[in-house]
Amino acid sequence: MHVYTMSNRVPELVICSFVVVSLLVIHFFSDLLRASLGGFYTKDVTLSQLVEAQSADYAWLLKLMVNCFGYSCVVVPGYLIYKYVARTGYLERGNKTFLHTAINMCITGNSSYEPLDAAASTADKERAAGSAASAGAGKRTSSQEAVQLLWCFGGLMVSYLTWGVLQEKIMTQKYLNFSGESSKFKDSQFLVFANRLLAFVVALIYLQWQPSPTRHRAPLYKYSFASFSNIMSAWFQYEALKFVNFPTQVLAKSCKIIPVMVMGKIMSKAKYESYEYVTAVLISLGMIFFMSGSADGNKASGVTTLTGVFLLSLYMVFDSFTANWQGSLFKSYGMTSLQMMCGVNLFSSIFTGASLSMQGGFMDSLSFATEHPKFVFDMVVLSICSAVGQLFIYHTIDVFGPVVFTIIMTLRQAVAIMLSCFIYNHRVSALGIFGVLIVFVAIFLRVYCTQRLRAMRKRAEANKPKMAV
């Protein structure tokens with residue numbers, strides 16, 4: 001009996017050793033990196049501080065490499081465990097320990113339940129029955145519809161306008177400490193960690209409070225891909241604010257249509273209508289006009305402008321991958337939007353938390369927070385707005401559909417640009433204003449054409465002659 005128990009504990013010991021050895025090796029290489037940056041004789045200086053001390057124009061590149069090095073604290077042991085489990089058949093063993101259950105959830109999901117096709121069809125039937133019941137029992141009047149629309153519009157506008165103003169303030173403005181000295185907060189990754197951790201907690205509480213009828217079946221590791229691209233896009237977004245102004249960043253987000261279309265072609269072999277290509281070109285043209293007529297004097301050097309555009313481009317690439325990967329997960333596993341929000345933010349918190357711990361970024365950021373109480377208030381409100389905004393996104397799309405949501409967010413972008421120009425005194429020339437108009441006209445044209453095409457297809461489907469049975 002004793003031999004049997006020990007033999008069953010060997011896989012758990014091997015899996016734990018993967019984690020310990022991987023962390024020790026990564027810690028060793030981080031010490032080598034720290035020494036190469038001049039931290040060998042200054043033991044009190046963290047790796048994060050050494051990276052910040054590099055050239056301002058190119059520190060982001062070194063910081064990116066160090067961040068990815070920190071993410072390897074999760075990726076490397078995770079990959080080794082995945083390969084070990086697949087090779088040894090560990091999950092087929094009968095001993096259901098806590099570690100076995102956790103690895104099973106991460107790698108296979110709820111595979112012990114019904115098959116995917118049957119489960120998906122069951123979930124579809126449940127959702128169809130639920131939507132039919134709600135449509136029959138709870139038809140809203142026009143006044144109730146208007147109140148609901150105002151609630152969604154107000155929630156999205158307030159949460160994301162506040163988020164945008166605070167995002168620019170935290171990354172570009174200086175904070176006064178108790179001694180009256182001013183300094184800027186520099187660690188974008190800590191903001192990503194705070195936002196994602198609060199969003200995960202909010203999504204988890206919401207799921208517990210309002211449980212979904214859809215059983216979660218997806219392997220948890222599937223969320224890690226969308227999570228990694230999500231934190232990378234958020235990090236590039238924060239870093240870009242050090243090189244370009246906020247109106248430029250907001251307008252650049254409208255150009256996400258282009259990389260999303262490209263990524264859809266690559267990943268899903270998607271086909272697009274001619275108007276989609278036309279509006280994508282118009283948006284790009286408007287963006288060029290805006291950037292030509294809205295450069296800030298303090299950020300308009302060749303290096304900083306080029307760096308800002310490059311960072312925004314990487315932000316859009318990673319963000320478009322996130323959208324396409326999440327879309328494929330929705331099709332494959334049929335999870336709800338809240339389950340997606342919870343899973344992605346869980347891995348985002350793990351990734352950023354591991355990287356911050358490896359770099360010493362937690363101590364640096366907490367030290368800055370204790371000396372600058374206004375920063376703490378701004379960061380907490382920023383994280384709350386980010387989490388609440390995500391809930392409003394899912395609620396608006398669920399109640400009114402993606403078209404109404406797109407119109408609201410387009411209006412939000414226009415107001416965000418005006419707010420930023422008013423609060424932070426950004427100058428925009430006539431050419432820049434013309435570029436803004438081109439972008440928003442193209443967006444509304446895209447929404448109109450999408451709706452018109454959808455209506456035409458519905459009419460054609462309704463007028464199609466029915467086959468006799």
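A: **The interior and its contacts**

Take the contacts in the chain between residues at least 6 apart in sequence: 84% of them join residues at least 24 apart. The model behind this value is predicted. The chain has 469 residues, and 44% of these count as buried. Its secondary structure consists of 17 helices and two strands.

Start with the largest nonpolar core, which has 70 residues. Those with the most contacts inside this core are Leu156, Ile170, Leu191, Tyr223, Leu251 and Phe375. Helix H8 gives the largest share of the core, nine residues. Domain 1 (9-38 + 45-112) and domain 2 (141-461) both contribute residues, so the core lies between the two domains.

Leaving aside residues up to four places away in sequence, Phe375 touches Ile170, Tyr175, Phe185, Leu191, Phe368 and Ala369. Ile170 and Leu191 are also among the residues with the most contacts inside the core.

The backbone oxygen of Leu156 lies 3.3 Å from a polar atom of the side chain of Ser159. A polar atom of that Ser159 side chain is also 2.6 Å from the backbone oxygen of Gly155. Ser159 is part of helix H6, which covers residues 142-172. Is Ser159 buried or exposed? The cut-off for buried is under 20% relative accessible area; Ser159 has 5% relative accessibility, so Ser159 counts as buried. If residues up to four places away in sequence are not counted, Ser159 touches Cys385 and Gly389. In the C-alpha to C-alpha comparison, Ser159 and Phe392 are 8.8 Å apart in space, although 233 residues separate them in sequence.

Next come the aromatic rings. A search of the whole structure finds 26 aromatic pairs. One of them joins Phe225 and Trp325: the ring centres are 4.9 Å apart and the planes meet at 50°, so this pair is tilted. Phe225 belongs to helix H8 (residues 222-240) and Trp325 to helix H12 (residues 302-333), so the pair ties together parts that are 100 residues apart in sequence. The two partners can be compared by accessibility. Trp325 has a relative accessible area of 18% and is therefore buried, whereas Phe225, at 37%, is partly exposed. There is also an aromatic cluster formed by Tyr71, Phe228, Trp235, Phe236, Phe318, Phe347 and Phe351.

Burial can also be followed along one helix. In helix H4 (residues 98-107), the buried residues are His100, Ile103 and Ile107. Seen down the axis of H4, these buried residues fall within an arc of 70°, so they line one face of the helix. H4 is followed by Gly109, which has a positive phi, near 75°.

Arg34 lies in helix H1, which covers residues 2-39. Its relative accessibility is 14%, so Arg34 counts as buried. The C-alpha atoms of Arg34 and Leu50 are separated by 7.5 Å, and these residues are 16 apart along the chain.

Key
Residues are numbered from 1 along each chain as its sequence is written. This is a predicted model: local features need pLDDT of at least 70, side-chain atom pairs count only at pLDDT 80 or more; totals for chains, interfaces and linings use all residues. Side-chain values use heavy atoms; hydrogens and water are left out. Helices (H or I, at least four residues) and strands (E, at least two) are DSSP runs, numbered from the N terminus. Buried means under 20% relative accessible area, exposed over 50%, partly exposed in between (1.4 Å probe, protein chains only). Rings of Phe, Tyr and Trp (its six-membered ring) pair if their centres lie within 6.5 Å; planes under 30 degrees apart count as stacked, over 60 as edge-to-face and the rest as tilted. Contact means heavy atoms within 4.5 Å. A polar contact is a pair of N or O atoms within 3.5 Å; within protein, one must be able to donate a hydrogen and the other to accept it, and residues adjacent in sequence count only if both atoms are side-chain atoms. A nonpolar core is a set of buried Ala, Val, Leu, Ile, Met, Phe, Trp, Tyr and Cys residues joined through side-chain atoms within 4.5 Å. Domain bounds come from an automatic or database domain assignment. The arc is that of the directions from the helix axis to the C-beta atoms.
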